[in-house]
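Let's take a walk through this one together. Have the sequence and the 3D view open, and we'll go from a surface feature to the overall fold and then to a few single residues.

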Amino acid sequence: MRNKLLGGYAVIWLLFALYGTWWGPYAHKSFLYNVGRSLFWPGEIFPALRELIGIVVVLGIVAVLTMSKPR
């Protein structure tokens, strides 16, 4: 089940990157730029979700930095 979900995400990721490269608002940018943008394609489709993803990433980084022991 997990492999099917990851495979589906990867297919949508590739399609979103191809769309962005050929017809999207960033068609003048390179394919790799659009691949990077399309990694978080749900955030591109739903702008409110983009903010939530950003908050989760920042909180994750803060949690990792605060839990690491100093040497």
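Which helix gives the most to the nonpolar patch? That would be helix α4, residues 47-67, which puts in three residues. Keep in mind that we're looking at a predicted model here.

The patch sits on the surface and is made of Ile45, Phe46, Leu49, Leu52 and Val56.

## The overall build

Zoom out and you'll see a chain with four helices and zero strands. Reading from the N terminus, the order of elements is simply α-α-α-α. The radius of gyration is 16 Å, well over the 11 Å that the globule rule gives for 71 residues, so the chain is more spread out than a compact globule. Along its principal axes, the C-alpha trace spans about 50 × 35 × 25 Å.

How much of the chain counts as buried? Of the 71 residues, 14% do. The protein chain exposes about 6,000 Å², and carbon and sulfur atoms supply 74% of that area. As for contacts with a separation of 6 or more, 31% of them are accounted for by residues 24 or more positions apart.

## Thr21, tucked away in helix α1

Now find Thr21 in helix α1, which covers residues 2-22. Is Thr21 buried or exposed? Its relative accessible area is 16%, and since buried means under 20%, Thr21 is buried.

What does Thr21 touch? Leaving out residues up to four places away in sequence, Thr21 touches Ala27, Phe31 and Asn34. There's a polar neighbor as well: a polar atom of the Thr21 side chain lies 2.8 Å from the backbone oxygen of Ala17.

## Two stops in helix α2

Leu32 has its place in helix α2. This leucine is exposed, because its relative accessible area of 67% is over the 50% cut-off.

## One salt bridge

Side chains of opposite charge can pair when their charged atoms come close. How many salt bridges does the count come to? The count comes to one salt bridge.

Which residue forms a salt bridge with Arg37? The partner is Glu44, and the closest N and O atoms of the pair are 2.6 Å apart, which falls within the 4 Å cut-off for a salt bridge. Glu44 isn't hidden away: this residue counts as partly exposed because its relative accessibility is 28%, between the 20% and 50% cut-offs.

Conventions. Residues numbered from 1 in each chain as written. Predicted model: local features only at pLDDT ≥ 70, side-chain atom pairs only at ≥ 80, totals over all residues. Heavy atoms only, no water. Salt bridge = Lys/Arg side-chain N within 4 Å of Asp/Glu carboxyl O. Buried < 20%, exposed > 50% of the residue type's maximum accessible area, 1.4 Å probe, protein only. Rg over C-alpha atoms; globule rule 2.2 N^0.38 Å. Contact = heavy atoms within 4.5 Å. Areas by Shrake-Rupley, 256 points an atom, 1.4 Å probe, with all protein chains shown as cover. Patch = residues over 30% accessible without salt bridge, like charges linked within 9 Å, V, L, I, M, F, W, Y side chains within 5 Å. Polar contact = N/O pair within 3.5 Å; in protein donor to acceptor, adjacent residues only side chain to side chain.
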